[in-house]
Amino acid sequence: MTNITPTMEWEGGEDLATLRISVTTMGDLLLSAADRDPNKTALVFPERSYTYAELASRAMRRARSLQALGVKPRDHVGILMPTCPEFVELYFAIALCGAVIVPINARYRSGEIGYVVENADLVTLLTTDAVADQVNFVERLEGALTDLPKQKDPMALKLAAAPTLRNVVLYGKGGRAGFVSEKDFDAAADRVPEIEVHKTRLRTRVRDVALMLYTSGTTANPKGCLITHEAQVRNSIALGRHRYRLTREDSLWSPLPMFHIAAVLPMLAIFDVGGTYLTMGYFDAGVALKMLEEHKVTATYPSFVTIMQGLIYHPDFPKRDLSSIRLMNSNFAVQPPGVAEPIMKAMPAAIQVGSFGMTEASGTVSTGSPGEPQSQRITRLGRPLPGLEVRVLAPTTGANQPVGERGEVLVRGYSLFEGYYRDPVKRAEALDRDGWFHTGDIGSLDAQGTIMFHGRFKDMLKVGGENVAAAEIEAQLQKHPAVKLAQVVGTPDAKYAEVPAAFVELHPGAAATEAELIEFCRKDVAGFKVPRHVRFVSEWPMSSSKIQKFMLRTALVDERKLGGRG
């Protein structure tokens with residue numbers, strides 16, 4: 001990373017007069033890095049690493065296989081895998097085909113997977129028989145697509161629950177009825193010359209949708225955010241090249257899963273400058289600390305409290321030499337007490353910054369700058385990236401809020417998504433006619449233009465960095481025969497920042513226990529969505545027509561402070 005001394009209008013650390021817009025497709029971003037420095041290490045996992053030439057070559061072969069399976073430009077291709085080298089190869093392979101990458105949350109259970117496969121109109125799905133973190137993807141897929149094992153031709157599926165899905169590729173050594181084996185998938189590449197991939201690649205527009213990431217909102221099911229090549233690549237360039245001043249000499253570590261925007265963003269940022277991206281299949285603090293020390297990592301993107309706490313509370317933390325780290329996206333402004341001090345002691349030379357963002361804006365909207373004083377970088381979430389605008393509006397009048405006053409955060413600029421797939425109503429609600437995205441987040445701006453996040457207007461929780469719709473958990477609870485009505489709120493948690501808690505009204509004469517309802521949810525939804533607390537009510541706090549959820553949350557917080565259950 002290089003120092004920056006602004007010479008003209010200073011905004012977030014950039015000399016705006018000298019910035020130039022540069023953008024490409026995700027596939028070409030990788031190929032360009034391989035052209036410049038083929039033997040430079042591009043990707044590092046604890047167990048193996050790849051040069052840019054190796055990664056580009058492997059991605060190109062996977063693209064040929066995908067085309068052999070019939071994948072065409074603008075087709076939707078899903079990836080259901082833990083973070084692994086194959087995931088990265090396939091990510092870029094899909095981009096090289098001009099198709100749309102649809103990463104699926106590896107924590108999803110059968111019902112959630114089935115919804116995404118159908119809603120996203122996937123034509124091909126790529127998965128693995130490797131059991132990761134006790135998750136068996138084959139079992140979950142067969143639970144979602146019950147007629148999959150009965151299919152006679154895995155190259156031409158005909159599934160009632162997923163009519164557009166033509167094939168499911170299974171990475172691994174074993175075969176499985178209904179799946180295309182990894183061996184057959186790889187062999188299919190020989191049927192398509194590489195030049196055919198290049199023809200398709202060169203027809204891809206930077207305004208084409210490249211990525212569809214599913215994010216939970218206020219509805220029961222997650223929504224597919226449509227993100228173009230331009231939006232994601234430009235945002236990664238703005239973050240890495242312009243704000244963080246990363247160079248080819250830098251190595252950037254992020255343990256976040258590849259189905260998360262906060263993994264895609266930094267990976268493309270470091271690839272843009274020809275540096276090295278380090279990641280891992282799942283977060284293990286001991287392994288992470290070893291990687292940070294051995295590879296002399298210079299920049300880190302841990303972001304969320306669960307990862308930060310995992311690092312500082314690991315017994316190896318004080319033993320590891322982390323002095324090479326020069327920049328960390330630590331988000332101290334929104335971390336619980338006790339996180340900042342040990343991190344800053346272990347890396348006294350590191351520039352600590354905070355960030356504010358969301359999937360709909362291709363990741364980061366604002367982040368701290370090396371040029372800001374430390375007191376500002378660790379207590380605020382930075383200024384908007386160059387090219388992005390932020391407003392804070394009064395929720396009642398819609399007028400701009402004065403400095404320091406809270407309101408709804410609106411964002412406008414090149415990085416915004418195109419809308420929610422198959423949901424024009426939600427798109428119209430989120431994006432106004434002037435191009436502003438209404439985030440539903442509560443924020444404030446200070447006199448220097450830095451932002452602070454204070455919570456959410458929308459009925460959505462953020463559990464350890466994962467968006468969780470209250471309506472989704474409520475719908476699951478209300479499937480239980482004893483439950484008349486369920487309302488879910490977020491309650492503070494030392495580890496995950498926020499966890500779901502449920503208030504339940506039972507049918508007259510019915511009975512259910514807290515443990516029973518928690519287990520009922522655990523069977524069908526991802527673990528991070530399962531309520532940690534259940535309280536039973538006979539009356540609801542009401543306004544004129546709506547249940548006042550904030551009163552439920554306050555009651556639970558007060559109860560737990562007073563030593564109540566939970």
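Lys183 sits in helix H6 (residues 182-188); helices here are DSSP runs of H or I with at least four residues, strands are E runs of at least two, and both are numbered from the N terminus. With a relative accessibility of 69%, Lys183 counts as exposed, where exposed means over 50% relative accessible area, buried under 20% and partly exposed in between (1.4 Å probe, protein chains only). From Lys183 to Asp321, 138 residues away in sequence, the C-alpha to C-alpha separation is 43 Å.

The model is a predicted one, in which local features need pLDDT of at least 70, side-chain atom pairs count only at pLDDT 80 or more, and totals for chains, interfaces and linings use all residues. Residues are numbered from 1 along each chain as its sequence is written, and side-chain values use heavy atoms, with hydrogens and water left out.

Confidence comes next. The chain has a mean pLDDT of 92, with 95% of its residues at 70 or more; pLDDT is the predictor's confidence in each residue, from 0 to 100. Residues 2-10 stay under 50, and the model gives them 16 contacts beyond four places in sequence, a contact being heavy atoms within 4.5 Å. Over residues 562-566 the pLDDT is also below 50, and this stretch has nine contacts beyond near neighbours in sequence. Where pLDDT is low, the predicted coordinates should not be read in detail.

The overall fold can be described in a few values. The chain holds 17 helices and 28 strands. Its radius of gyration is 24 Å, which agrees with the value near 24 Å for a compact globule of 566 residues; the radius is taken over C-alpha atoms, and the globule rule is 2.2 Å times the number of residues to the power 0.38. Along the principal axes, the C-alpha atoms fill a box of roughly 65 × 65 × 55 Å. Of the 566 residues, 58% are buried. Among contacts with a separation of 6 or more, 69% join residues 24 or more positions apart.

The second largest pocket holds about 1,000 Å³ of space. On a 1 Å grid over the protein atoms alone, a pocket is an open set of points where a 1.4 Å probe fits, with protein on both sides within 12 Å along at least five of seven lines, and lining residues have an atom within 4 Å of a point. Grid points are joined across faces, edges and corners, and the volume is the space filled by probe spheres set on the points. The lining of this pocket comprises 34 residues, and those nearest its centre are Arg107, Asp133, Pro257, Tyr282 and Phe283. Helix H5 (137-144) and helix H11 (305-312) are the elements that give two or more residues to this lining. By class, the lining has 19 nonpolar, eight polar and seven charged residues, with Ala, Val, Leu, Ile, Met, Phe, Trp, Tyr, Cys and Pro counted as nonpolar, Asp, Glu, Lys and Arg as charged, and the others, Gly among them, as polar.

Most residues other than glycine have a negative phi. Arg74, although not a glycine, has a positive phi of about 75 degrees. Arg74 lies in the loop between helix H2 (52-68) and strand E5 (76-80) and is exposed, at 57% relative accessibility. Lys296 is not a glycine either, and has a positive phi of about 50 degrees. The loop that carries Lys296 runs between helix H10 (285-294) and strand E14 (299-300), and Lys296 is exposed at 58%.

Strand E20 (residues 388-393) contains Arg391, which is partly exposed at 25% relative accessible area. Beyond residues up to four places away in sequence, Arg391 touches Asn400, Glu408, Val409, Leu410 and Trp436. Ala512 is placed in the loop between strand E27 (497-506) and helix H16 (514-522), and counts as buried at 15% relative accessibility. Apart from neighbours within four places in sequence, Ala512 contacts His480, Ala482, Leu506, Leu517 and Phe536.
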